[in-house]
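Please look through the sequence and the model below before reading on. The paragraphs that follow lead from the surface to the pairs of charged side chains.

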Amino acid sequence: MLTDMSTSRSGTTDRTTAPARRVHDDAPDTAALFARLAALDDGPERDEVRDELVAAWLPMAHRIAGRFRDRGEAVEDLRQVAALGLVKAVDRFDPSRGAFESYAVPTITGEVKRHFRDRMWALRVPRRVQELRNRVRVARRELTQNPGSREPTVADIAAHTGLTEDEVSAGMEALESFSTLSLDAELAGGDDGYSLADTLGASDTSFDVVVDREAAKEGLRRLPEREQAILYMRFFEDMTQSRIADRLGISQMHVSRLISRSCARVRDEAMGRHRGGRPMA
């Protein structure tokens, strides 16, 4: 006897019109536990039920964490982050709003993505740049998924995403900036290895001398002619105070006082001008 399978079970839905929701092996039936959790007050019994729910759904959290492998973070660390997202989902879930899996998956995924956004960048970059990086990365994957596809250009990605070419360029730069290169890393380019630090310039101490000279120039011009001559003989001709005294016919003590007073005046004028004050008359 032949049986019509389409009508053999009452209430059976035609699969072509309403496909069943995919159920994962790590999605246990915990509706009764959630109902019990919602009815309990804070205390040891509630904590025990909460821990049981977290343990039941932990395989799902690990599966979600596995989607983010090979992105520069250890799988164990990703599982810890996903477990934290699972705990948040269990604490915030309202059983009257639907299935737990529908609420937990975006909650856990968001926690892992937040971890990458806030913790994995070696340098803190604006969130806008991080979002551009993600959009460019997805667009490049979509444009190259077909065999034989060429590497998309900036214009191709801009047309695909609706971004400007400048935004795409910023996102592509961010793709290469997720981690930093150590200054001690050896660079290729010759028989003798050299580090990135060897290619960087050093501060030129002469710049400080230039700044000091320019700051003192105006004050030196304001000094009396004799004080200018004394400073020139002392600091440019490297003459001793006794020789300066003999040349000018004054005492060495007087030369010392004139040098100290002149230097103090030039210094005060330079510092006053640097602070925005008016130079001494």
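A patch is made of residues with over 30% relative accessible area and no salt bridge, where like charges are joined within 9 Å and nonpolar side chains (Val, Leu, Ile, Met, Phe, Trp, Tyr) within 5 Å. Accessible areas come from the Shrake-Rupley method with a 1.4 Å probe, and for residues only the protein chains shown count as cover. A salt bridge, in turn, is a side-chain nitrogen of Lys or Arg within 4 Å of a carboxyl oxygen of Asp or Glu.

This is a predicted model, in which local features need pLDDT of at least 70 and side-chain atom pairs count only at pLDDT 80 or more, while totals for chains, interfaces and linings use all residues. Residues are numbered from 1 along each chain as its sequence is written, and side-chain values use heavy atoms, with hydrogens and water left out.

The protein chain has eleven helices and two strands, where helices (H or I, at least four residues) and strands (E, at least two) are DSSP runs numbered from the N terminus. Of its 281 residues, 27% count as buried, a word that means under 20% relative accessible area, whereas exposed means over 50% and partly exposed lies in between (1.4 Å probe, protein chains only).

On the surface, Tyr232, Phe235 and Phe236 form a nonpolar patch that has about 400 Å² of accessible area together. One of these residues, Phe236, is found in the loop between helix H9 (225–235) and helix H10 (241–248), and Phe236 counts as exposed because its relative accessible area is 64%.

Which parts of the chain does the salt bridge between Arg222 and Glu269 tie together? The side chains of Arg222 and Glu269 meet at 3.6 Å, N to O. Arg222 lies in helix H8 and Glu269 in helix H11 (residues 252–274), so the pair ties together parts that are 47 residues apart in sequence. Arg222 is partly exposed, because its relative accessibility is 37%, whereas Glu269, at 1% relative accessibility, counts as buried.

Another salt bridge joins Lys88 and Glu111, whose closest N and O atoms are 3.2 Å apart. This pair links distant parts of the chain, with Lys88 in helix H3 (residues 75–92) and Glu111 in helix H4 (residues 100–119), 23 residues apart. Lys88 counts as partly exposed at 25% relative accessibility, while Glu111, at 10%, counts as buried.
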